[in-house]
Amino acid sequence: MGGRLRAASRLRTTAAGVLFCAAAGAAVAGLHTADLHRGPLPGLARNGAHVTVDAVVVSDPRRSRPHAGGAAHHRPAIVLDAEVTRVATGRMGAVEVRTPVLVLVSPDSHDDAWLRLLPTTRLRLSGGLALPDHPDGRIAAVLRVRGGDGPPVVAPPTGLQRFAGSLRAGLRTATDGLAPDARALLPGLVVGDTSRVPEDLQSAFEATDLTHLTAVSGSNLTIVLMLLVGPPGRALLAERGGAAPRLGVTLRGTAVLGGALTLAFVVVCRPEPSVLRAAACGLVTLLAIATGRRRSLLPALAAAVLLLVLYDPRLARSYGFLLSVLATGALLTIAPGWGRALRDRGVPARLAEPLAASAAAQAVCGPVVAVFAARASLVGVPCNLLVEAAVAPATVLGFSALAAAPVAPGAAEALAWCAGWPAGWIAAVARRGAELPGAGAPWPGGLTGGLLLAGVTGAVLLLVRNLSRRPLACAVCAVLLCLVIARPAPLGRLVTGWPPADWSYAMCDVGQGDLTVLAAGGGSAVVVDAGPDPAPADRCLRELGVTHIPLLVVTHFHADHVAGLPGVLDGRSVGAIQTTSLQEPEEQAEFVHRTAARAGIPVVSAVPGERRRAGPLEWEVLWPRQAPAPVSGEPNDASVTLLVRAAGGLSLLLLGDLEPPAQQALLRARPDLPRVDVLKVAHHGSAYQHPGLLAAVRPRLALISCGRDNPYGHPSARTLALLRAQGALVLRTDGNGSVAVGGSGEGLRATAEHGSAESLSGPPPEDRRPQAHGAGPVPRGRLGPWQPTPARRSRPRRRRRDRMTRRAPCPLRPSGVPRCPPRWSAPTSTGSVPSGRTGPTPRPSGRSRPGTLRRFRSRTSRSTCGRRSFWTSGGSRTRSSSVDAGASATNSTGRSPPC
């Protein structure tokens, strides 16, 4: 009876404590929210007012991630957190406030001065206010400031911050002579200074779940405190390890010194969420040491989390803080049991403990990562195991260099050189792990994706538990996992169907940009453009098995075509880079030339009429013409345009980003343009297309490269209607992923990465090769000239083409859909088909795995519309396509549509 009463009393006490904590948290959160919206700043931000404020810097300045958007490669802005203490407007005068804001500084020549700012520095800033795009309760407004002549400093930082800043600067100076990756990574491992970490290395750390190494946390603080109190095992028993007993320091003195080290750790490493969590846990543990109480780390973690959330409720919405707490909790609760289980099954202790720790942290943090990153890493545990032995030496030597830098710079450089070896190993593991095809698997994002991954993780754990005593089954599972991660090209093609073995042309899904590949045989390919991002460019070329590029064609220098150049060059031999003659925009043109010079690759200019051959691949440069400027003065109209004949007679026209003025000029210069099998639609399928050019080449397959949910509205509904009116099957990377084309003539096939393979029926284009207009230089002897063939006499078609230029196949409504009689239903991508009539199946919203090849042959009939001939598919015998590409529509009787 007494036991039940004590249990009931403990339950009531626990419930009361939970309710009290919840009430306290709600009250503090309400006060913080009210404080966030107090004062005139939020109202001024809603109106987009221009203000002058006094602000205190509360974080280290950092660069935003650079990104390519359309024509420009946006330089990274400088971002810093600040607290506004005084705001001055024209009507209200000066008002004293305490409002957190995010300061965005536009790129300028004085970027270094802004980046050297330290916390507690007081600034007087003038700029425009705006509300945050994604309110998270952390800031009240965004202040956009021009770089100008540098930061307007009103008061310098405190002495403590200046000392911490000198330590961080000394560590950066000591690492200047290291290899690039070690130089960038070592300050991040020691004090969380990631200012030198390049974007590609940061992406590699994210893909391999190694970002916790650069987010300073409990492991770093543990190493610092071990110097004082010794290993954790001895500290839990008698606190007689480390330097404290050797110096004769008492338990309470040890706790005081440990607290001072912890506070110094926070100042030097900055009060990031993971640093605050580690510091709070350390202080609670040191308090237990000082009072002689039981040192249990789990209650210390709980107390630290409670105190920090009460102090700053915004931490409850921080993914970094949540991941830090979950990982620490897993190490304290799950990892010890898993480690014992592994040792019981014969795994060596030195391997069992890190394996259990990595697996436990991955199991509890993976679902949270899936919520905001929409991915699941398959190489996180192996990569963490590989770097486990290098983390401690790099951190200890790095802290030693940090401490020695102010007094002995030479010794600091020697220590940094020693720390550079393990730091370089960590960076190499991250890069190699991220390059594996199966490093990260796409996963649904949001709460649904997180719960789904949690369920899958639980099922995998149950499976592992049941198979743990069956060595053969475990070995088979391990081999299968390695195959999934390594994903050899033949196995991937067998399982997914991508890429097809006989592809001749591929359009890569690189987002809002262009990257296309022409197969030249034996792992060799001609690449046209590089896309806006190195990572997807490299991934696509690896999937296609491209190891040698005899020629890389840069159609023009807009960022969405050249920013991914480092990814194309990574690990591949390139014979030459061919560019357009117009060197604009200058910044992107200089980037291409600088990158090519660094790699030792010659750069040549495209010449109209120039012909080339690489293996079975032949092509002719049609545009730009030899003129001092493009027809419209725009870089788009100077795009290199290629007429290509691939293996098997497949004909292609690659238009770059040509606008209608240049398209019209091209048609006037080359009135004998033949019909082609494949058209790379100009400018990502924008609304600006010349109907006459589309009518002249009449492609059977039209490919559009565009990004999902892009802000430009690409592709245009009007362009899609024009292409389908010409009888073209339309595929687009925003819905179908990468697209590969193979075969020719009646056997022409298009395979989508996230769709099914389609066989295009109908008559092939005329077997006519482009005629020579001269030959250009052959770079490095990699490419041979295209042997001219006897010209065929072409029928005079200028008059007919002029008529087609004046008149589209059917008049267009303002929405871009052809205006045809009621008997014919114009194909659309999502519209319904009237009863009794044929039409394309609406494109599914989700993505599907590439299916097996579905061949179909549609009955074709020849009809005229606007004094031209075109091919239409028979209605009763045409199957619906599962991808966003409708063939030419017909009426229910199979006759061609009236016009």
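**Reading a predicted model, feature by feature**

Me: R732 and D734 are both buried. What does buried mean here?

Reply: Buried means under 20% relative accessible area, exposed means over 50%, and partly exposed lies in between (1.4 Å probe, protein chains only). This is a predicted model, in which local features need pLDDT of at least 70 and side-chain atom pairs count only at pLDDT 80 or more, while totals for chains, interfaces and linings use all residues. Residues are numbered from 1 along each chain as its sequence is written, and side-chain values use heavy atoms, with hydrogens and water left out. For the protein chain, 48% of the 899 residues count as buried.

Me: Which bond do R732 and D734 form?

Reply: A salt bridge is a side-chain nitrogen of Lys or Arg within 4 Å of a carboxyl oxygen of Asp or Glu. R732 and D734 form one, with their closest N and O atoms 2.8 Å apart. Across the whole structure, a search finds 26 salt bridges.

Me: Which residue is the salt-bridge partner of K680?

Reply: That is D514, with 2.5 Å between the closest N and O atoms. The pair links distant parts of the chain: D514 is in the loop between β12 and β13, K680 in strand β24 (residues 678–680), and they are 166 residues apart. Both D514 and K680 are buried. For the element names, helices (H or I, at least four residues) and strands (E, at least two) are DSSP runs, numbered from the N terminus. The chain has 28 helices and 31 strands by that reading.

Me: Is R708 buried or partly exposed, and which residue does its side chain meet in a salt bridge?

Reply: The side chain of R708 meets that of D509 at 3.1 Å, N to O. Distant parts of the chain are linked here too: R708 is in the loop between β25 (701–704) and α26 (717–725), D509 in the loop between β12 (503–507) and β13 (516–521), 199 residues apart. R708 counts as partly exposed because its relative accessibility is 43%, whereas D509, at 10%, counts as buried. Elsewhere, D54, R86 and R124 are linked in a network of salt bridges.

Me: How many disulfides does a search of the whole structure find?

Reply: A disulfide is a covalent bond between the sulfur atoms of two cysteines. The cut-off used is a pair of cysteine sulfur atoms within 2.5 Å. The search finds one, joining C508 to C540 with an S to S distance of 2.0 Å. This pair also links distant parts of the chain, from C508 in the loop between β12 and β13 to C540 in helix α20 (residues 534–544), 32 residues apart. The link is left-handed, with -70° about the S-S bond, and both C508 and C540 are buried.

Me: What does the side chain of S59 reach?

Reply: A polar contact is a pair of N or O atoms within 3.5 Å; within protein, one must be able to donate a hydrogen and the other to accept it, and residues adjacent in sequence count only if both atoms are side-chain atoms. S59 is found in the loop between β1 (50–57) and β2 (62–63). Its side chain reaches the backbone nitrogen of D81 at 3.0 Å and makes a polar contact with the side chain of R62 at 3.5 Å. S59 counts as buried because its relative accessible area is 10%.

Me: Where is a cis peptide bond, and what is its omega?

Reply: Most residues other than glycine have a negative phi, and most peptide bonds are trans. The bond from E584 to P585 is cis, with omega near -5°, and P585 sits in the loop between β18 (577–579) and α23 (586–599). A cis bond also joins W623 and P624, where omega is about 10°; P624 is in the loop between β21 (617–623) and β22 (641–645).
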